[in-house]
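Open the model in your viewer and keep the sequence panel beside it. The tour goes from one selection to the next.

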Amino acid sequence: MEAAIEVKQMSFSYGKQTVLREVNVGFGARKFSVLLGTNGSGKSTLFKSITGVLSGYRGEVFVKGMPMAKLTHKQKAGLIGFLPQFYQTVFPFTVEDILLTGRAAFSGFSPTGKDYAMVEQVLTELGLEGLRKKRFPQLSGGEQQMVMIGRLLMQDPEIIILDEPTNHLDVYYQHFLMNKLKTFVKHGRTVIAIMHNPTLAYQFADDIFFMLDKTVVSAVDTATPDLQLLEAVYNTNFLHIMHDELRVVLPTGGKFA
Ligand SMILES: Nc1ncnc2c1ncn2[C@@H]1O[C@H](COP(=O)(O)OP(=O)(O)OP(=O)(O)O)[C@@H](O)[C@H]1O
């Protein structure tokens, strides 16, 4: 497998709390990979370490075979776009302005004609034309999430890393976004996302990974959900249902009954 991102022997601690222990994982190039796992299991810590938001980990990260530590800021921006779980914009920028900031690594503070053309393209692609002049802090949670995804597209990275991209999205937009992500992969990008919905993961992902005991394990076969593994990860029971071609991986909450 050609890896877009390869993590070797990564360990990370917040003070005395070890969160990642010798993680070894490769996320395939031009694949849609999903990482599932319980709250507080270390998913965001892993993604923040991979993307360089957190330093101080042990181990190595390779991007398309190149050591992350050797890449320049501009090279990184061309290769990796990261949507964190939490973001804050204090200034009342409009949606258009927020999108333009996605080009900052390339155009600095002087957007070019190409940048404005990309704004149009992204607004259309994500169906956000109606929000163009709205101020970001005044948008709903789901609208803000879609705009932040648009901002990532403005960066035009080869590898898109998303921490809970369906956060705040209604069921329509959850599926809209998952289909979009799948299309990006078809067009040659790599998508790696943290998610909390096993059904969406099993319906859309090429590869599925789990955080378990401070490390990452692979689901091996995404066509046949490993219920034992799911139960070990989430400490609850699961049902696997096929409805026509539609795969449903349903937590039954059996252990709480
Ligand atoms: N900045 C920090 N300082 C200290 N501890 C932290 C910090 N960030 C996270 N932690 C701790 O590290 C552990 C892993 O957190 P992390 O955010 O990586 O989990 P997660 O799997 O992404 O969780 P969730 O699904 O709830 O978003 C948690 O126990 C959390 O309390």
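Start with leucine 36. Leucine 36 touches Met195, Pro198, Ala201, Ile208, Phe210 and Val233, leaving aside residues up to four places away in sequence. Contact here means C-beta atoms, placed from the backbone, within 7 Å.

Two notes before the next selection. Numbering starts from 1 along each chain as its sequence is written. The model is predicted: local features need pLDDT of at least 70, side-chain atom pairs count only at pLDDT 80 or more, and totals for chains, interfaces and linings use all residues.

**The core**

Now widen the selection. Leu36 is among the residues with the most contacts inside the largest nonpolar core, together with Ile5, Val34, Val147, Ile161, Ala201 and Ile208. That core has 68 residues. A nonpolar core is a set of buried Ala, Val, Leu, Ile, Met, Phe, Trp, Tyr and Cys residues joined through C-beta atoms within 7 Å. Buried means that 20 or more other C-beta atoms lie within 10 Å of the residue's own; exposed means 12 or fewer, and partly exposed is in between, with C-beta atoms placed from the backbone. In soluble globular proteins, nonpolar side chains tend to be buried together.

Which helix gives the most to this core? Select α6, residues 141–155, which supplies seven residues. Helices (H or I, at least four residues) and strands (E, at least two) are DSSP runs, numbered from the N terminus.

**The six-stranded sheet**

Switch to cartoon view. An open sheet of six strands runs in the order β6-β7-β8-β3-β9-β10, with mixed pairing. β6 (80–83) and β10 (215–218) stand at the edges with a single partner strand each, so one side of each has no neighbour in the sheet. From one strand to the next, the twist averages 20°. Strands count as paired if DSSP finds at least two bridges between them.

Pick β7 (residues 159–163) and β8 (residues 190–194). They pair in the parallel sense over five bridges.

α1 lies across β3 (32–36), β7, β8 and β9 (207–212), and runs at about 150° to β7. Axes are lines fitted to C-alpha atoms, for helices over the stretch in contact; angles run from 0 to 180 degrees between N-to-C directions.

**The four-stranded sheet**

Keep α1 on screen. α1 also lies across β1, β2 and β4, at about 115° to β1. These strands belong to an open sheet of four, ordered β2-β1-β4-β5, with antiparallel pairing. β2 (17–28) and β5 are the edges, each with a single partner strand, so one side of each is left without a neighbour in the sheet.

Select β1 (residues 3–14) and β4 (residues 58–63). Five bridges pair them in the antiparallel sense. Valine 7 has valine 61 in β4 as its bridge partner.

Move on to β5 (residues 66–67), joined to β4 by two bridges and antiparallel to it. Phenylalanine 62 stands opposite proline 67 in β5. Two residues lie between the strands of this hairpin, and lysine 64 takes a positive phi near 50°.

**The ligand shell**

Show the ligand. Around it are Tyr14, Val19, Gly37, Asn39, Gly40, Ser41, Gly42, Lys43, Ser44, Thr45, Gln85 and Met211. Near means that the C-beta atom, placed from the backbone, lies within 6 Å. α1 (residues 43–50) gives the most to this shell, with three residues. The shell divides into three nonpolar, eight polar and one charged. Ala, Val, Leu, Ile, Met, Phe, Trp, Tyr, Cys and Pro count as nonpolar, Asp, Glu, Lys and Arg as charged, and the others, Gly among them, as polar.

Jump to β11 (residues 238–243) and β12 (residues 246–251). Six bridges join these antiparallel strands. Histidine 240 stands opposite valine 249 in β12. The hairpin has two residues between its strands, and aspartate 244 takes a positive phi near 50°.

Most residues other than glycine have a negative phi. Select histidine 168, in the loop between β7 and α7. Its phi is positive, near 70°. Finish at valine 220, in the loop between β10 and α9 (227–234). Valine 220 has a positive phi of about 65°, and counts as exposed with 10 C-beta neighbours inside 10 Å.

How values were computed
Two residues are in contact if their C-beta atoms, placed from the backbone, lie within 7 Å.
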